[in-house]
Amino acid sequence: MTGSSELTRLTAAELAEKIRTREVSAVEVARAHLDRIAAVDGTVHAFLHVAGEAAVASASLVDASLDAGTAPASPLAGVPLALKDVFTTTDMPTTAGSKILEGWRPPYDATVTSRLRAAGITILGKTNMDEFAMGSSTEHSAYGPTRNPWDTDRVPGGSGGGSAAALAAFEAPLAIGTDTGGSIRQPAAFTGTVGVKPTYGGVSRYGLIACASSLDQAGPCARTVLDAALLHEVIGGHDPLDSTSIDAPVPSVVEAARRGADGDLSGLRVGVVKEMGGEGYQPGVQAGYEAALRQLEKLGAELVEVSCPHFRYGMAAYYLILPSEVSSNLARFDAMRYGLRVDKGAGAEEVMAATREAGFGPEVKRRIILGTYALSAGYYDAYYGQAQKVRTLIARDFAAAYAKADVLVSPTTPTAAFPIGEKVDDPLAMYLNDLATIPTNLAGTAGISVPAGLADGLPVGLQIMAPALGEAVMYRVAAAYEAARDAEDGGPLIHRVPEVTA
Amino acid sequence: MTAPTLVDFDEVVERFDPTLGLEVHVELNTNTKMFCGCPTEFGAEPNTQVCPVCLGLPGALPVVNRAAVESAMRIGLALNCTIAPWGRFARKNYFYPDMPKNFQTSQYDEPIAVDGWLDVELEDGSTVRVEIERAHMEEDTGKSLHVGGATGRIHGAEYSLLDYNRAGVPLIEIVTKTIPGTGARAPEVARAYVTALRDLLRALDVSDVRMEQGSLRCDVNLSLAPKGSGALGTRTETKNVNSLRSVERAVRHEMSRQAGVLLAGGEIVQETRHFEEQGGTTRAGRRKETSEDYRYFPEPDLVPIAPSAEWVEELRATLPELPWARRRRIAGEWGLSPEELRDLVNAGALDLVEATVAAGATAGEARSWWVAYLAQQANSRGVELRDLPITPEQVARVIALVASGALNNKLARQVVDGVLAGEGSPDDVVAARGLAVVSDDGALVAAVDEALAAQPDVVEKIRGGKVQAAGAIVGAVMKATGGKADAKRVRELILERVQSA
């Protein structure tokens, strides 16, 4: 019998194995994590909603099925998971971190939600996030910030800070995030966890409350590369309800992660992006990155320098395209059908205006205003049109780089986790967090962040990027690096996270 | 503001050249909506044909309806358009409560069909070619019912009720190029164009094309320029034009109104106007302080539509015989004069007569039933001929019963009345109402003898060779038998009895 607190330290793969062999029940595993949430989430605030009863009920179905001798629904059957509160769930509220959706119970499940349920994964609850996924610190949540388990005075990154913090605080071994400009990878880097942004269209967006449709991508979050891969295969794949979903088999990422753990990267070309790293990156981050490059070389990879000269325009293009789509996507929150309604004024227009004034936070309003402006007649070509051209140029930079290298690498973020409150009133400083992650979203390609050591006691991340549908090689390199780094360091980085105190 | 002076129509066309432009919105008759699987049936209980997608719920995503794309392409091909090899949807952003997402998904600057034409036949047999600029796909909005207030519009209403059943129903907007040079015939050309388009869409079976239900809606653009100037005046766009007759009236009124403004030295304001059915006039819509900026941009939730050449040709092969070609063929087959054909078309009876003929009736009988007795019935019930609860097959059966002598014309009408009253098939009505012609000689002979005995003077006349006098006796027998007697047989019996007596 494994102790309850020990269960929460296990990886998803380990838990799944123990449940499959009936060493522990799925209900015990669910309860261990619910207990852990009860103990630490008052401090961490990773969750906006904890679905204790539903989680236990779902886990007991898995137990009953396994006890009856039925094959597990998936390799992750019975493993608990924290779901970002941006996916619709019929049995839990869905707020996207916004007051405007406070208490909303969707009448339908997102495709990701349905796939998790069908896989027998226990959904523990919904995690905190920057409002409508706009932000890099989770401070823009309407429900208060999430704290970084490595240092509870610091942010866990964002927008998926809740999902990443839940992993680092051992509240869940798996989580789902969404990555529009880095919202999975940057929190992973800040919390010493693993986060994957799949190829655009690799995971269905149906039921994912949109931030920016052409950039949003759901992906797996975990404490190990293999766990992320296992979850990736559960949620990935074509969905007829999402026109932009790719109608092709999910890359064999689990096999790739297992193969990568053997550690040999001979013959693999790793592209070091000249424009990422160095100036503008914290010395500790840079040091971690350089150590990672040496590690990859030791594994047999050939390092090649590649240049992506248009990446420098990525930030500007991103902050035109994203707000443009946001301004349109968020127009539906008008008090007429669901969500908050402020009955002020005589007519529908006044009610809409009063509701949006009261229901949206300042960052959301800032981006709606930016986007409305960028799409306006007379400005469209200069802003949205130009930004789309930059997007094409960035995609070409990637294509040229991938002609020379199998994967590209960079630091995931320019800095490690920063103190709560430090950047919340400085949008440009906040936006710079995503400098290294944004190009991948603009190009629709794939990226992963894996822990690359500590800088002044705080985790930093190594970003590994791959071309569209090139996830297998990306996972392989990530798993190889993870195994080598852990071996050198004497164990997984996450084991060095301090115990959260209330 | 004083009411504008309307200028006499003859004077308008003497002094001005009108330029027309017509935008027609057609609701497609696909089983499901443009971007989701909800049914599109008209008249369902409010908000029963909705789902997360057409309600624009957070997280829901659209998926293009293939059948709608095919209908759009077939319409484009029938209008002699080029089908675009690649095109995206765009978002038209504006806030209105009946629009669930607060943007309309519409093909904006990348329409699926461009540069076509439609030849429109006028009353006198001449033809006008109307150039088509484009046909594009979009989704319909929901419906608002504004309760309270004087105008029935959102401003001044106490509250509004919203029905999203229509939200997301596929629409095709067909836009003409400007139609110059129609002069005094502008109102007729406008009507004839919409009529021809309606007939074409019906033949394609892509829409119910019912203007009264809103499945075909027309916006009339009109401008005037001084006669012979070759210039293009400022146009107005008149909406709420809900019948073919209204199309004609709206054009006529706008011509007279605009001429009044211009002749008084005024300027035409480019604006949206609303047609008032009752007076046949137009009134200005609410003036906006700023022009609406729809902030169009490509819809990121959908992938481009790129029809292959093979698909286009496949659809071209499905185009039906064009309505006007079909009419000419039918007129030839049935030996109709142009006037007879026109009456048939105007009565909306062509398809019905054709189906009745297909069910075995002669063209003459079928035509006579539909344009006479059945047209009267439709008229008195205030419905379209094709909405009468009788099928062409049933009409053909009635005609067959008359031909066989089982019914006479009077009984046949009673049978039709029975069918219309919902009493079942013609044979059901004959049986239930006991309407079969009395051809039992025994019963008839008694009635004939009785009638002959009552009118000995007529009997004398017949004996004297005035055979036509028998008509009076026939009438008496028919009256006595409640009209059920076979009149031809009665006449034969009368002559027999008179001669044999």
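Which residue of E6(A) is the bridge partner of Ile176(A)? In this predicted model, the partner of Ile176(A) in E6(A) is Pro220(A). Residues are numbered from 1 along each chain as its sequence is written, and chains are lettered from A and ligands numbered from 1 in the order in which they are written.

The pair Ile176(A) and Pro220(A) belongs to an open sheet of chain A, in which 11 strands follow the order E1-E3-E2-E4-E6-E5-E10-E11-E9-E7-E8 with mixed pairing. Strands (E, at least two residues) and helices (H or I, at least four) are DSSP runs numbered from the N terminus, and two strands are taken to pair if DSSP finds at least two bridges between them. From one strand to the next, the twist averages 30°. Strands of a sheet pair through backbone hydrogen bonds, either parallel or antiparallel.

Both senses of pairing occur at strand E4 (residues 174–178) of chain A. E4(A) runs parallel to strand E2 (residues 80–84) of chain A, to which three bridges join it; here Ala82(A) has Ala175(A) as its bridge partner. Towards strand E6 (residues 218–222) of chain A, E4(A) is antiparallel, and five bridges connect the two. E4(A) is also mostly covered, five of its five residues being buried; a residue is termed buried if 20 or more other C-beta atoms, placed from the backbone, lie within 10 Å of its own, exposed if 12 or fewer do, and partly exposed in between. Burial extends to both faces of E4(A), with Leu174(A), Ile176(A) and Thr178(A) on one side and Ala175(A) and Gly177(A) on the other. Elsewhere in the sheet, strand E10 (residues 446–455) and strand E11 (residues 458–466) of chain A form an antiparallel pair over eight bridges, in which Gly447(A) is partnered by Met465(A) of E11(A).

Among the helices of chain A, H4 (residues 52–67) lies across E1, E2 and E3, and runs at about 155° to E3(A). Such angles run from 0 to 180 degrees between N-to-C directions, with axes fitted to C-alpha atoms, for helices over the stretch in contact. H6(A) is mostly covered, eight of its eight residues being buried; the buried set comprises Gly161(A), Gly162(A), Ser163(A), Ala164(A), Ala165(A), Ala166(A), Leu167(A) and Ala168(A).

Ser159(A) lies in the loop between strand E3 (122–127) and helix H6 (161–168) of chain A, and the peptide bond from Gly158(A) to Ser159(A) is cis, with omega near 10°. After H6(A) comes Phe170(A), with a positive phi near 60°. Positive phi values are also found at two further loop positions. Arg22(A), which is not a glycine, has a phi of about 65° and is placed in the loop between helix H2 (12–20) and helix H3 (26–44) of chain A. His45(A), likewise a residue other than glycine, has a phi near 55° and is found in the loop between H3 and strand E1 (47–50) of chain A. Arg22(A) is exposed, with 11 other C-beta atoms within 10 Å, whereas His45(A) is buried, with 23.

Chain B contains 16 helices and 14 strands. Its C-alpha trace spans about 95 × 55 × 55 Å along the principal axes, and 41% of its 501 residues count as buried. Chain B is divided into domain 1 (9–307), domain 2 (338–433) and domain 3 (441–500), bounds that come from an automatic or database domain assignment. The centres of domain 2 and domain 3 of chain B, taken over C-alpha atoms, are separated by 31 Å.

Between the chains, 27 residues of chain B are in contact with 33 residues of chain A, contact requiring C-beta atoms, placed from the backbone, within 7 Å.

Key: This is a predicted model: local features need pLDDT of at least 70, side-chain atom pairs count only at pLDDT 80 or more; totals for chains, interfaces and linings use all residues. Two residues are in contact if their C-beta atoms, placed from the backbone, lie within 7 Å.
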